[in-house]
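Please look through the structure shown here before reading on. The questions below are meant to be worked through with the sequence at hand.

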Amino acid sequence: MLGIVRQKMLEQSLKKIPPAVSVLRSYSSAAKQMTIRDALNSALDEEMSADSKVFLMGEEVGEYQGAYKITKGLLDKYGPERVLDTPITEAGFTGVAVGAAYYGVKPVVEFMTFNFSMQAIDHIINSAAKTNYMSSGQISVPIVFRGPNGAAAGVGAQHSQCYAAWYASCPGLKVLAPYSSEDARGLLKAAIRDPDPVVFLENELLYGESFPVSDEVLDSSFCLPIGKAKIERKGKDVTIAAYSKMVGYALKAAETLEKDGIDAEVINLRSMRPLDRSMINASVRKTSRLVTVEEAFPQHGVGAEICASIVEESFAYLDAPVERIAGADVPMPYAANLERMAVPQVEDIVRAAKRTCYRSVS
Amino acid sequence: MVLGRAFEDKCAKMYYDRKMLGFVHLYNGQEAVSTGFIRLLKQQDSIVCTYRDHVQALSKGLSARAVMSELLGKATGCCRGQGGSMHIFSRKHNMLGRFAFIGEGIPIATGAAFTSKYKREVLKEADCGHVSLTFFGDGTCNNGQFYECLNMAALWKLPIVFVVENNLWAIGMSHLRATSVPQIYKKGPAFGMPGVHVDGMDVLKVREVAKEAIGRARRGEGPTLVECETYRFRGHSLADPDKLRDPAEKAHYAARDPITALKKYLIENSLANEADLKAIDKR
């Protein structure tokens with residue numbers, strides 16, 4: 001809620017800048033590049049600086065500078081009382097963080113990977129997600145659960161699962177998945193400012209990737225609204241909806257499709273819950289075709305939900321069945337060649353888009 | 001032990017040559033624990049470990065070729081390339097798995113012990129005094145599942161030995177920073193089982209303690225908690241920069257290398273000579 005209010009204020013203050021000045025600005029400063037890692041680190045730093053109720057908790061977040069270096073430098077800056085290295089006890093420390101949030105502080109809990117969140121899922125769902133409802137609004141839980149989610153490289157079945165669908169099915173949670181550095185900064189800040197529990201799904205393989213960021217994104221008050229998707233590439237022939245790393249694959253697929261005369265519109269979902277049904281439906285009503293892309297297991301997934309939403313609201317607009325691209329329905333194998341076959345590749349997206357356009361896929 | 005050390009060093013080389021992917025956790029320095037315990041087991045006894053256990057697999061009888069193939073993701077690997085470094089399973093050798101989440105393997109091993117007792121007492125099967133061993137580290141000892149299983153194992157007198165490989169570090173988290181009462185062996189009696197501390201760098205001492213603990217389990221006297229003080233010479237995994245451990249600490253334990261210690265003992269006590277030992281190294 002607060003995030004949306006602040007975003008509106010930011011928009012209004014930007015509108016006051018006369019156009020001539022902003023044109024000059026865009027010529028005088030080239031877009032900076034920022035890695036996802038730095039985007040997340042700076043977002044945490046700024047939010048901790050702005051609000052002393054925000055603190056970090058997790059394994060190796062302090063002295064080790066973060067298992068993936070996301071929390072680098074924060075222990076030195078904010079001290080061990082606000083950056084807590086925990087023992088290896090996910091169920092325990094998650095419960096402790098949720099209890100602390102009941103009393104008004106704002107924990108940001110790091111799971112070394114979201115696979116480990118399964119040891120704490122009882123607290124995420126039963127102690128955090130459901131409490132505002134069960135207490136009829138008396139207790140709110142301003143907590144963020146963040147960490148890498150989904151497949152990495154050669155880390156095997158127990159380290160590779162994507163949890164977007166599981167968490168996004170639960171009322172009481174907000175579930176976000178950034179793709180770019182702008183997403184990472186804006187959505188993490190929104191998550192920390194949000195009074196409700198937020199599950200923030202990062203991607204290990206994206207941490208080192210750089211994206212251009214504008215001055216607006218770099219400003220410490222920058223924030224993105226929760227529940228809104230983003231059109232990364234406008235198009236008119238087919239809608240491709242994806243989240244996290246798959247957005248990058250969808251954009252590559254769109255480049256390939258363009259050469260074959262298919263103009264794809266790529267939607268970066270950003271928010272699994274609430275899902276931006278209105279934007280996805282508006283896009284499909286324009287293009288009449290839809291491909292959903294996710295790395296996760298196919299059954300009961302995000303793609304399935306989007307398909308249901310389209311069928312419920314825009315069935316008459318579809319010119320072809322919805323294509324759902326997902327990971328293989330198998331625990332993630334270890335061997336590299338098998339792993340490649342178990343996650344979607346750009347060619348899979350291209351083929352699916354062509355199928356919706358009734359083009360031959362050879 | 002020598003095979004284990006050579007194997008792990010080869011793994012490191014392959015990893016840095018990018019032939020091996022993902023997470024690889026090496027056992028250098030901890031060989032005495034694996035050898036000391038597992039070499040006393042029968043084939044039907046089971047072991048459950050965490051991700052740091054290529055050497056446990058070798059001690060239990062899996063061929064080095066099968067394990068190395070698995071790490072390289074080959075179809076000839078013991079799990080056909082589907083499991084990888086962290087997930088070695090072998091039905092034949094009763095290696096019930098290596099689990100990535102610490103603490104996860106402990107209830108599994110407790111379950112194996114439960115079945116052993118069940119088969120003997122409920123199903124009245126003969127020859128099932130099988131013992132279950134579970135290996136885990138100091139970090140795991142702060143995890144709830146550890147305590148839940150200590151309780152059940154003692155309550156039901158299960159034939160299991162809980163082996164703690166206390167190498168003082170959980171990635172970059174020192175055991176002392178994470179634990180209110182760092183002496184892990186003291187937690188055994190709180191649950192009704194003996195808790196023993198042993199020098200995990202000395203294979204002969206480990207073997208003595210292991211004999212007693214495994215014997216207890218086989219005789220139906222219940223579980224034992226054994227804390228082995230040991231050390232890993234390499235980082236947590238091959239991706240770990242290992243900056244937080246004090247070089248003096250590393251040097252202290254390097255001087256207590258289990259392989260060097262045993263060599264010295266064998267030669268001093270005339271149980272073998274230099275030539276015999278060189279022959280083992282060559283193999």
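What follows is a set of questions and answers on domains, interfaces and local details.

This is a predicted model, in which local features need pLDDT of at least 70 and side-chain atom pairs count only at pLDDT 80 or more, while totals for chains, interfaces and linings use all residues. Residues are numbered from 1 along each chain as its sequence is written, chains are lettered from A and ligands numbered from 1 in the order in which they are written, and side-chain values use heavy atoms, with hydrogens and water left out.

Q: What distance separates the centres of domain 1 of chain A and domain 2 of chain A?
A: Chain A is assigned domain 1 (32-218) and domain 2 (230-357), with bounds that come from an automatic or database domain assignment. Taken over C-alpha atoms, the separation between the centres of domain 1 of chain A and domain 2 of chain A is 26 Å.

Q: Which residue meets A:D183 in a salt bridge?
A: A salt bridge is a side-chain nitrogen of Lys or Arg within 4 Å of a carboxyl oxygen of Asp or Glu, and two salt bridges are counted between domain 1 of chain A and domain 2 of chain A. The side chain of A:D183 meets its partner at 2.7 Å, N to O, and that partner is A:R270.

Q: Which elements give two or more residues to the side of domain 1 of chain A that touches domain 2 of chain A?
A: Across the interface of domain 1 of chain A and domain 2 of chain A, 10 residue pairs are in polar contact, both residues being at pLDDT 80 or more. A polar contact is a pair of N or O atoms within 3.5 Å; within protein, one must be able to donate a hydrogen and the other to accept it, and residues adjacent in sequence count only if both atoms are side-chain atoms. Helices (H or I, at least four residues) and strands (E, at least two) are DSSP runs, numbered from the N terminus. On the side of domain 1 of chain A, the elements that give two or more residues are α8 (164-168), β6 (174-176) and α9 (181-193) of chain A.

Q: How many residues does the contact take from chain B?
A: Contact means heavy atoms within 4.5 Å. The area that chain A and chain B bury between them is about 2,400 Å², 60% of it on carbon and sulfur atoms. The contact takes 28 residues from chain A, and from chain B it takes 33 residues.

Q: Which residue of chain A meets B:R177 in a salt bridge?
A: Between chain A and chain B there are two salt bridges, along with 11 residue pairs in polar contact, both residues at pLDDT 80 or more. For B:R177 the N to O distance is 3.3 Å, and the partner is A:E63.

Q: Why does the pair of A:Y179 and A:F211 tie together parts that are 32 residues apart in sequence?
A: Rings of Phe, Tyr and Trp (its six-membered ring) pair if their centres lie within 6.5 Å, with planes under 30 degrees apart counted as stacked, over 60 as edge-to-face and the rest as tilted. A:Y179 and A:F211 are edge-to-face, at 5.1 Å centre to centre and 80 degrees between the planes. The pair ties these parts together because A:F211 lies in strand β8 (residues 210-213) of chain A and A:Y179 in the loop between β6 and α9 of chain A.

Q: Which residue forms a salt bridge with A:K32?
A: Over all chains, 41 salt bridges are found. A:K32 lies in strand β1 (residues 32-35) of chain A and its partner in helix α10 (residues 215-218) of chain A, so the pair ties together parts that are 183 residues apart in sequence. The closest N and O atoms are 3.3 Å apart, and the partner is A:D215.

Q: What is omega for the cis peptide bond that joins A:R273 and A:P274?
A: A:P274 is in the loop between β12 (271-273) and α12 (277-287) of chain A. For the cis peptide bond from A:R273 to A:P274, omega is about -5 degrees.

Conventions. Buried area is the accessible area (1.4 Å probe) that two parts lose on being put together, summed over both.
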